Amino acid sequence: MMFRLAVATCLLLAVVATATAADTGEPEMEVQSSYIVHVAPAHAPRPSRRGVHARRTYVSFLRDHLPAHLTRPTPNVHYSYAHAATGFAARLTRSQAAHLRSQPSVLAVVPDVMLQLHTTMTPSFLGLEASSELLAESGGASDVVIGVIDTGVYPKGRASFAADPSMPPTPSTFSGSCVTTRSFNGSAFCNNKLVGAKFFHKGYEAVLGRRMNETENPASPLDTVGHGTHTASTAAGSAAVGASFYKYGKGTAVGAAPEARIAVYKACWEEGCGPADILAAIEEAIADGVDVISISVGFPGKAPEFHEDPIAVGAFNAVRKGIIVSASVGNDGPRESTAGNLAPWILTVGASTINRRFPDTVVLGNGDTFTGTSLYAGPPLGATEIPLVNGADAGSYFCEAGKLNTTLVAGKIVLCGIGMNTRAEKGEVVKLAGGAGLILVEPEEFGQQAKTSSHVLPATAVTFTAAKKIAKMASFSSRGPNIQAPEILKPDVTAPGVDILAAWSGASSPTGLKSDKRRVRYNIISGTSMACPHVSGIAALIRQARPDWSPAAIKSALMTTAYVLDNTGNVIRDMSTGKASTPFAHGAGHVDANRALDPGLVYDADADDYIAFMCALGYTTEQIAIFAEEGSEVDCPTGMRYAGDLNYPAFSVVFNSHEEEITQRRVVRNVGGNARATYTASITSPAGVLVTVKPRRLQFSARRQTREFEITFAPSGTGNVTEKYTFGSIVWSDGEHKVRSPIAITWPETESRVATM
């Protein structure tokens, strides 16, 4: 399976290579594909036999574990794992994989699928001006290395990745390096800013079933897509004065952590990302000694269970070693239960808007005017009225290649719906058919949001409502509830992810179309991919300012200080409905970088807590062993019997009946400036729920002291709630700090609600 990057124009491929045997009378051999094999730690190579030696050992492992009739075609081991997981990735047939699953030394065999990428003003919008408290106290995070797992980097001529003589030497804790290939000169491109660049493609090729085209997609860290360059510079790019996408967004483009170092691990390519490559990239990032991992990638469709998710497995082992892992929630909103990267040890980020738009106007012949959004940078259409044709009347409402009637389209503006192909491809189709311009119609579920994108001809995106008249949670951000662990609220937080200006690859056009020969240094795109690196950068700043905080404590600080009110004093709106957003869209709220430096209290957790959490979810011993440390025994503790008791900075409750009462338990640590502090709880109860907290006051007499509390949720009346979900919050305050946690209630289905669905 391949992952997808989190840009709104997602890349997806589910092609498995087919092999044929020559017509020689011999039985046809099975097709091989890529699998990740998790090996029981007792049967893994010894620590002294990692890397190349470990791969050779796993070749011997396969020889020993496969019977003679299953040795053809010969399995090929392309990665071994020791830090992000225990095991290896290999090209296997289904029969070989099935046999390995039956072996006691093998914990799991997981097939690879194609994963997807989740695709200037934002630092000031986040409060990260040069004078901000967080930047001042962290020094811009110059001792922190952010590992960006994406499509690589295009450093040539990009100020975001330029050497800075004022920066101190690379941290001694980092041991990574930059590789050199025919298309990437590591010694020339890397410096004290870009401190690492590596690539991983064997899993990708195994899923595709063919070798990559080295001319168009060179095996190197060089970014030929643009996505990785964009996310890396968003997280930690140096200041680039005068950056813009043509006339749009001109200003200084700078990353959230401008002094942090960047190490790039290219595991995503033109058609997606191989899970084996993603896990290999996490493996290398851990071994290199990064402090933060930023990964804007996720599974297409339903999120897998944690033990079958290479991002969750790799992130678990990274977090165990003190590395913060930030990942995008996905772009499948506004439908519910679409959130990805659901593990509680991952900092999962949704996308919100910023106070910037790129408006464009559509004027009809009758004088009606509609405001859309556009990033077209070519010559305008002029003042002459141009005929309009609906794509549906010209052969294809979705403006698919080869389906538009050129006679009907020639010289006209074409109205096209979203779907079937990318936004940029629709413009290309209209242009090739002789059209003069394009009006993109957003899906009805996107509500008030019209999504900005670059085009090769005059084009404007308008809302569905406006389109009907013609013929700030972002709508695309994936939503909860969490399908794998409903007791864990996802996403965790939101950050800017709409119309983000950042560095771009000189090997790719701004639209991603091969027919588009334009090249730009900076591009404006949207997606939870763009939101994730903002939070990765902020986490890097906090890591330097608070080096003794665990990844869970940093996540807690970001969540409990996040805000849910916009600049008008109202709850942040959901652009798909125009109404107030909920915690299933915005999580704990929008990150507030400076407040996160001093949260007052934190909810902490470690690897043992997460193991107990999976035990409470009902995971088997073999499934949990995938996450266990080498040499440790898997034994579910008796302390946590309910997954809702994980020490998480949010409360998600699922009622199975209207008479049920549920209690969750938490522990908070005093990290405020005052050793002696008293926090009092205030509760905003969700509709239909009576919420009680015991004790109601928490008294601390020392810094780092912990206190426990219980919070009980009980339905306050039968049949009074007609909504499927209701929401509230709990705030602990000592008069100086406000430690806020959202509450989400999921109600059982009722006959009346089912009848209206």
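Visitor: Why is Cys-190 called buried?
Guide: Its relative accessible area is 17%. Buried means under 20%, exposed means over 50%, and partly exposed is in between, with a 1.4 Å probe and protein chains only. The value of 17% falls under 20%, so Cys-190 is buried.

Visitor: What should I know about the model before we go on?
Guide: This is a predicted model, in which local features need pLDDT of at least 70 and side-chain atom pairs count only at pLDDT 80 or more, while totals for chains, interfaces and linings use all residues. Residues are numbered from 1 along each chain as its sequence is written, and side-chain values use heavy atoms, leaving out hydrogens and water.

Visitor: How do you know that Cys-178 and Cys-190 form a disulfide?
Guide: Their sulfur atoms are 1.9 Å apart. A disulfide here is a pair of cysteine sulfur atoms within 2.5 Å, so the pair qualifies. The link is left-handed, with -100° about the S-S bond. Cys-178 sits in the loop between β7 (145-150) and α5 (186-189), and Cys-190 in the loop between α5 and β8 (194-199), so the bond ties together parts that are 12 residues apart in sequence.

Visitor: How many disulfides does the structure hold, and what is the pairing of the bonded cysteines?
Guide: There are four disulfides. Numbered in sequence order, the bonded cysteines pair as 1-2, 3-4, 5-6, 7-8.

Visitor: What makes Cys-268 and Cys-273 a disulfide?
Guide: An S to S distance of 2.2 Å, which is within the cut-off of 2.5 Å. This link is right-handed, with 105° about the S-S bond. Cys-268 is buried at 0% relative accessible area, and Cys-273 is buried at 0% too.

Visitor: Why is the disulfide of Cys-399 and Cys-416 called left-handed?
Guide: The torsion about its S-S bond is about -75°, so the disulfide is left-handed. Cys-399 belongs to the loop between β20 (388-390) and α10 (406-409), and Cys-416 to strand β21 (residues 413-417), so the link ties together parts that are 17 residues apart in sequence. The sulfur atoms are 1.9 Å apart. Cys-399 is buried, with a relative accessible area of 0%, and Cys-416 is buried with 0% as well.

Visitor: Which strands form the open sheet, and in what order?
Guide: The order is β3-β4-β2-β5, with antiparallel pairing. Two strands pair if DSSP finds at least two bridges between them. β2 (residues 33-39) and β4 (residues 87-92) are joined by six bridges, so they pass that test. β2 and β5 have five bridges, so they pass too.

Visitor: Why are β3 and β5 at the edges of the sheet?
Guide: β3 (76-81) and β5 (106-111) each have a single partner strand, so one side of each has no neighbour in the sheet. Still, five of the six residues of β5 are buried, so β5 is largely enclosed by the rest of the structure. Opposite Val-109 in β5 stands Val-37.

Visitor: What makes His-38 buried?
Guide: Its relative accessibility is 4%, under the 20% limit, so His-38 counts as buried. His-38 is placed in strand β2, and its bridge partner in β4 is Gly-87. Leaving aside residues up to four places away in sequence, the residues that His-38 touches include Val-106, Ala-108, His-307 and Ile-626. Contact means heavy atoms within 4.5 Å.

Visitor: Why are α8 and α9 called roughly parallel?
Guide: The axes of α8 (residues 275-288) and α9 (residues 310-320) cross at roughly 10° and come within 9 Å. That angle makes α8 roughly parallel to α9. Angles under 35 degrees count as roughly parallel, over 145 as roughly antiparallel, 65 to 115 as roughly perpendicular, and the rest as oblique. Axes are lines fitted to C-alpha atoms, for helices over the stretch in contact, with angles from 0 to 180 degrees between N-to-C directions. Among the residues that meet are Ile-278 and Ile-282 in α8 and Ile-311 and Ala-315 in α9. Helix α8 also lies across β2, β3 and β4, at about 35° to β3.

Definitions and conventions. Helices (H or I, at least four residues) and strands (E, at least two) are DSSP runs, numbered from the N terminus.
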